[in-house]
Amino acid sequence: MDFAPDRPRWHQVADVIRERISDGTYAPGQRVPSVLQLQEEFGIAGVTAHKVHRGLRTEGLIHTEPGMGSFVLAQPGQPKDEQPRASHPRSKWEKIADVVRSRITNGEYPPRHLISEVKLEQEFGVARVTVRKVTAALREEGLIATVPGMGSFVAPEGPTTEGRNPEQE
């Protein structure tokens, strides 16, 4: 994009996103480009991309849900809590938890199988904090047990309690 020198870049990028919302490219309830995607598409700095989101939120065109993304409001200008509930895509960690849960329940990961955070990071291309959300959720469901200093393991059978050592069972 060729930027006009007499206007802030974030205003110009916001104009493009606003037009896409107006013409239906981004429909109500649909995710708009993330800060990183704006940086890549328009060649702008992170702080500039954040200003785009902040400006569109202030106008009442989008709302942001932490960990989920920014979405077009169904009724521009209407407060988020008065909007009809849009179905939002599941977060990355929830999708990964679904995959690992499936592997546990179908036997691909047998009892006492090590759930390697490093391998999950590499397989799904996510940060450690994302993988830790996955293991926390699966631990809460009783599908895995975490042993400090050893790692997380598929529960031997049924619900587990944290701190149980699968190696000693």
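## Helix pair α4 and α6

In this predicted model, helix α4 spans residues 92–105 and helix α6 spans residues 128–140. Their axes come within 9 Å. They cross at roughly 50°, which makes α4 oblique to α6. The crossing of α4 past α6 is right-handed.

Which residues make the contact? From α4 come Trp93, Ile96, Ala97, Val100 and Arg101. From α6 come Thr130, Lys133, Val134, Ala137 and Leu138. By class, seven of the residues in the α4–α6 contact are nonpolar, one is polar and two are charged.

## The largest pocket

The largest pocket has a volume of about 270 Å³. Its lining holds 14 residues. Closest to the pocket centre are Pro33, Ser34, Val35, His53 and Gly69.

## Where the lining comes from

Which elements each supply at least two residues of the pocket lining? They are α2 (35–42), α3 (46–58) and β2 (69–72). Helix α3 gives the most, with four residues.

The lining of the largest pocket divides by class into seven polar, four nonpolar and three charged residues. For the α4–α6 contact, the corresponding counts are one polar, seven nonpolar and two charged.

Methods:
Residues are numbered from 1 along each chain as its sequence is written. This is a predicted model: local features need pLDDT of at least 70, side-chain atom pairs count only at pLDDT 80 or more; totals for chains, interfaces and linings use all residues. Side-chain values use heavy atoms; hydrogens and water are left out. On a 1 Å grid over the protein atoms alone, a cavity is a set of points where a 1.4 Å probe fits but cannot get out, and a pocket is an open set with protein on both sides within 12 Å along at least five of seven lines; lining residues have an atom within 4 Å of a point. Grid points are joined across faces, edges and corners, and a volume is the space filled by probe spheres set on the points. Ala, Val, Leu, Ile, Met, Phe, Trp, Tyr, Cys and Pro count as nonpolar, Asp, Glu, Lys and Arg as charged, and the others, Gly among them, as polar. Axes are lines fitted to C-alpha atoms, for helices over the stretch in contact, and angles run from 0 to 180 degrees between N-to-C directions. Angles under 35 degrees count as roughly parallel, over 145 as roughly antiparallel, 65 to 115 as roughly perpendicular and the rest as oblique. A crossing is left-handed if the near helix is turned anticlockwise from the far one by less than a right angle, and right-handed if clockwise. Contact means heavy atoms within 4.5 Å.
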